[in-house]
Amino acid sequence: MSTNTKKNRSFRDAMATGFLRELLDDHAASDSPPGADLPPRVAHALISDAATARASDIHIEPGENSALIRFRVDGVISDVSKVTLAQARMIINQIKAMANLDPIVTFTPRDAHASYTVGADPLDLRLALVPSHTGEALTIRLLDPRRLQRSIEDLGFDLGELQLLESWIESGAGMFLAAGPTGSGKTTTIYSLLQELKKSDRVIVSLEDPVEYQLDGIVQVQLDQRHHLNYADGIKSMLRLDPDYLMIGEIRDAVSARAAVDAAISGRVLLSTLHSRDAVGALTSLRNWGLLDHEIAEALSVVVGQRLVRRLCTHCRRRRAVSAKERVWLSTAGLPVPEQVSDAEGCDRCSQIGYKGRCGIFELWNLTEPDYEAILRHTDEHAVRRSLMDRKHKSIIANGLDKVVDGITSVAELRRAASGAFLAQSL
Ligand SMILES: [Zn+2]
């Protein structure tokens, strides 16, 4: 049996103590025919189980003969339960009712949201319903409004990085970007910085699509394409509020890139996120969106490249000697090989997964004179990266290795997070 299958099975066993399993088992034991009325609490049990498992998403996927219920926890998906197609339909209908959706199955995808509480904990549910040839499939994203209220100290920055971020907040100039692929924690980083900025008496305005969470002390503007409130117009109206800090949810095309750089050049501080492989990759993205080198050099101040790794469960992790395989990979990545690393077997505290929670691994590119000169000379990103490494810049992977040495995460996690990033510490 592969480790993954074993882990999945253990996870399912751990989840079998959940309300959902209990309700389904009760139902199976009763005399009612399969697919007859399920207790109305099934959907509630499912959501409460997911929240207990710290799942970010619930998937209900109908197949030919049965439907699969799966949870995504710390970025990794696991099977939780198999139900009949009739049961799946019933659970989906109960959830539709929570979101005031018509139970009728439509032929177009539908989105909806609902508010929910598990105990005293608030949850925002984002529903995506997609018709498939075997029935309607449902994905529920569970958003904990408190997730984005984490302090910058909790994200995984080391002391030096925190000091740099604090001094940037103090000086407050130019454009700050969080860069990385989808699901790398960019939004959380930006929201944490906003929390920090909120402590000062500065005016902060954000332009988001959509507004994910209401934040006190920040004027949040939502993009509305139907009413022609696009990035360019949105920023114009934001500037009327005379903010010290502007936040744009994401720079994702030429229009938003232009709007962001114009705002930063006009003397505002601008925070945003951007999709790229690493910090220096942001430079190529901005150029590809038609921004000129002198505009980028004038605007860009700090870029944080980032990835998320799972944290080893502190109750069952153990130290061991580094394996031959890990030694080879670390050497290939140009990293020093530590004698000892950690991994975890799985225990009751971590639902037998071995990991609990996630933290960021980062690289902080605080642009200095040599970088600005290189940008103005139209130096390509590879040469900029090489020059940074010559100046002892720490890559995302090197930063991740520190967390491996400290026993916070495993080499396996670092490897997973590293795929697609630039490996070598010295290129
Ligand atoms: Zn554990």
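I started at Ile 58, which stands opposite Phe 71 in E2. This is a predicted model, and I kept that in mind for the entries below.

**Entry: E1 and E2.** I looked up the pairing around that position. E1 covers residues 55-62, and its pairing with E2 is antiparallel over 7 bridges. The two strands form a hairpin, with 3 residues between them. I also checked Glu 61, whose bridge partner in E2 is Leu 68.

**Entry: the two faces of E2.** Which residues of E2 are on the covered face, and which on the uncovered one? For the strand, residues 66-73, I noted Ala 67, Ile 69, Phe 71 and Val 73 on the covered face. Ser 66, Leu 68, Arg 70 and Arg 72 make up the uncovered face. In general, side chains of a regular strand alternate between the two faces of a sheet.

**Entry: E2 and E3.** I moved on to E3, residues 76-84, which pairs with E2 in the antiparallel sense over 8 bridges. Arg 70 stands opposite Asp 79 in E3. The hairpin of E2 and E3 has 2 residues between the strands, and Asp 74 in this hairpin has a positive phi near 50 degrees.

**Entry: the whole sheet.** In what order do the strands lie? I read E3-E2-E1-E6-E5-E4, an open sheet of 6 strands with antiparallel pairing. E3 and E4 (110-118) are the edge strands, each pairing on one side only. On average, neighbouring strands are turned by 20 degrees against each other, direction ignored.

**Entry: helices on the sheet.** I then looked up H3, residues 42-52, which packs on the sheet and touches E1, E2, E4, E5 (121-132) and E6 (135-143). The direction of H3 makes about 75 degrees with that of E4. H4, residues 85-98, lies across E1, E2, E3, E4, E5 and E6. I noted that H4 runs at about 50 degrees to E6.

**Entry: H7 and H8.** Last, I turned to a helix pair. H7 (residues 231-240) and H8 (residues 254-265) pack at an angle of about 25 degrees, with their axes 8 Å apart. That angle makes H7 roughly parallel to H8. The crossing of H7 past H8 is right-handed. Which residues meet there? From H7 I listed Tyr 231, Ala 232 and Ile 235; from H8, Val 255, Ser 256, Ala 259 and Ala 263. By class, this contact has 6 nonpolar residues, 1 polar and no charged ones.

Definitions and conventions. Residues numbered from 1 in each chain as written. Predicted model: local features only at pLDDT ≥ 70, side-chain atom pairs only at ≥ 80, totals over all residues. Axes fitted to C-alpha atoms, helices over the stretch in contact; angles between N-to-C directions. Helix = DSSP H or I, 4+ residues; strand = E, 2+ residues; numbered from the N terminus. Parallel < 35°, antiparallel > 145°, perpendicular 65-115°, else oblique. Left-handed = near helix turned anticlockwise from the far one by under 90°. Contact = placed C-beta atoms within 7 Å. Nonpolar A, V, L, I, M, F, W, Y, C, P; charged D, E, K, R; others polar. Buried ≥ 20, exposed ≤ 12 C-beta atoms within 10 Å, placed from the backbone. Pairing = 2+ DSSP bridges.
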